[in-house]
Structures are given as structure tokens and as C-alpha cells.
Amino acid sequence: MDAVELLLTRYSALKLGEPAPSAQAVQAMLESAARAPDHGRLQPWRLILIEGEARLGFGEVLAEALSRRNPLANEQALAREREKALRAPLIIVVATRCDRSAKIPIIEQTISAGCAAHSIMLAASAQGLGAMWRTGEPAYDNAVKTALGIEPDDLIVGFIYVGTDIGGPVTRPERAPREFAQHWTADSAKPSGS
Ligand SMILES: Cc1cc2nc3c(=O)[nH]c(=O)nc-3n(C[C@H](O)[C@H](O)[C@H](O)COP(=O)(O)O)c2cc1C
């Protein structure tokens, strides 16, 4: 598929299943992340892959974190939380790994990590895989970060769920570039009426 066509047609897969991505497909996703725009070449991201049996352990981490956030969470809610880890054969956790001693602002390093996440999404689509970028409360939960070995100062940018798309595309409202893109001229910044 042509690159522009990929950009214009990509979508997030709401339902993912087996088969899991091949080792070769995963490698291409990781290498795509490595090509993310990166001011200062700091590589300010980190990827943690969770697949197979490890997802069960991650489900426990999610459930324990939920019961800490909400001690009143019932068994049903905890089971739903565990299930999140089984939404796809592979979860790629994208986190920042910011260098606070570097002169590159943290926001730029964080954006780089976001670009790495999007590159993974695109590389998944390009290879005929389904992927969905999620965050939710677990992404902001310190216990989850600790269990994944992420430094307290860093952020989880997203959980990228990857597998075989078993739901198909969902119709989304069209977004017209004119709603968010304008040409600038020296006159356009002047308040109206002046
Ligand atoms: C940083 C980030 C976090 C997101 N977190 C969630 C999430 O937790 N749950 C969710 O349903 N969608 C989440 N989304 C949105 C989906 O990934 C997706 O972009 C959205 O459903 C639109 O679908 P599309 O990508 O097919 O246009 C998130 C997107 C971003 C960029």
C-alpha cells in the first residue's frame, strides 16, 4: 500500500484477536519506533512488550492497581480489569524515558515518544495488523508504572494493543482540514475591525 493511502485510511481496531503478529512484524514495528523524530537524538522512549502468559500477570497488576485506587471495586470490576490485558495477543507499552539533564525540553521528548507510538500504529496497519492505542486510568497509575519498571518521573504514553483485526473499520465522522488548517498572512493576525 502506498504511504499516503495508508495515512488516509488507517483506523484503530476495536476488536483484536489471534493470530499474534509474527516476530518479523513485531521487529518492523520496533524499528519504525526507532525512526521517530527525535530532537537531540535522545531516544526518549521505552517500549515494553507484554504477550502470551505474561498478559495474565499484567492483568493482575491492573486489578491490584484498581483495587488500590478504588477499594470498593467489586469482583466483577476486578475481572473486567484483568480482561484488559487479554484484549489482544500483544501489548506494546510506550513510555517516555526523558533525559532531564538534556537541554531538549521535556515536552519535546514526550512528543517524540508519542511519535514512536504512532509509528508503531502505522507499522501495524501497513503490515495488515490491527492496533489500538489506549491509556485510561492504568496509564496514570504509579503502581502500574512501578510494576513495568518505568521511572516515577516518566509517563506511560500508551498501551498499544496489537493483533488481528476481527471487528473491521468503524465509520468515523470525516474531519475536513479547513476546520483546523488555515493559511497565515500578516493580515490574518490582526483583530477584526482594525
Ligand atoms: C494518547 C491517546 C490515548 C488514547 N486512549 C484511549 C483510550 O483509553 N480508550 C479509547 O477508547 N481510545 C483511546 N484513544 C483513541 C483511540 O486510540 C483512537 O484514536 C480513536 O478511537 C479514534 O479512532 P481512529 O484512530 O480509528 O480514528 C487514545 C488516543 C490517544 C492518542
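This briefing walks through the fold, a helix pair, the ligand shell and a few individual residues of the structure above.

The model is predicted, so local features need pLDDT of at least 70 and side-chain atom pairs count only at pLDDT 80 or more, while totals for chains, interfaces and linings use all residues. Residues are numbered from 1 along each chain as its sequence is written. The protein chain has six helices and five strands, and 30% of its 194 residues are buried.

**Overall fold**

- Helices (H or I, at least four residues) and strands (E, at least two) are DSSP runs, numbered from the N terminus.
- The C-alpha trace of the protein chain spans about 65 × 40 × 35 Å along its principal axes.
- Of the contacts in the protein chain with a separation of 6 or more, 80% are between residues 24 or more positions apart; two residues are in contact if their C-beta atoms, placed from the backbone, lie within 7 Å.

**Helices H3 and H4**

- Helix H3 (residues 54-69) packs with helix H4 (residues 75-84) at an angle of about 140°, their axes 7 Å apart.
- That makes H3 oblique to H4; angles under 35 degrees count as roughly parallel, over 145 as roughly antiparallel, 65 to 115 as roughly perpendicular and the rest as oblique.
- Axes here are lines fitted to C-alpha atoms, for helices over the stretch in contact, and angles run from 0 to 180 degrees between N-to-C directions.
- On the H3 side, Gly59, Glu60, Leu62, Ala63, Leu66 and Ser67 meet Ala77, Leu78, Glu81, Arg82 and Lys84 in H4.
- By class, this contact of H3 with H4 has five nonpolar, two polar and four charged residues; Ala, Val, Leu, Ile, Met, Phe, Trp, Tyr, Cys and Pro count as nonpolar, Asp, Glu, Lys and Arg as charged, and the others, Gly among them, as polar.

**Around the ligand**

- Tyr11, Ser12, Met132, Trp133, Arg134, Thr135, Gly136, Gly158 and Arg172 surround the ligand, each with its C-beta atom, placed from the backbone, within 6 Å of it.
- Strand S4 (residues 130-134) gives the largest share of this shell, three residues.
- The shell around the ligand divides into three nonpolar, four polar and two charged residues.

**Alanine 131**

- Strand S4 also holds alanine 131, which is buried, with 27 other C-beta atoms within 10 Å.
- A residue is buried if 20 or more other C-beta atoms lie within 10 Å of its own, exposed if 12 or fewer, and partly exposed in between, with C-beta atoms placed from the backbone.
- Leaving aside neighbours within four places in sequence, alanine 131 is in contact with Ser12, Ala13, Met121, Ala124, Ser125, Ile160, Tyr161 and Val162.
- Proline 89 is 42 residues from alanine 131 along the chain, and their C-alpha atoms are separated by 11 Å.

**Backbone features to look at**

- Most residues other than glycine have a negative phi, and most peptide bonds are trans.
- The peptide bond from glutamate 18 to proline 19 is cis, with omega near -5°, and proline 19 sits in the loop between strand S1 (16-17) and helix H2 (23-34).
- Arginine 41, in the loop between H2 and strand S2 (45-51), has a positive phi of about 50° although it is not a glycine.
- Arginine 41 is exposed, because it has 8 other C-beta atoms within 10 Å.
- Glutamine 43 has a positive phi of about 50° without being a glycine, and is found in the loop between H2 and S2.
- With 16 C-beta neighbours inside 10 Å, glutamine 43 counts as partly exposed.
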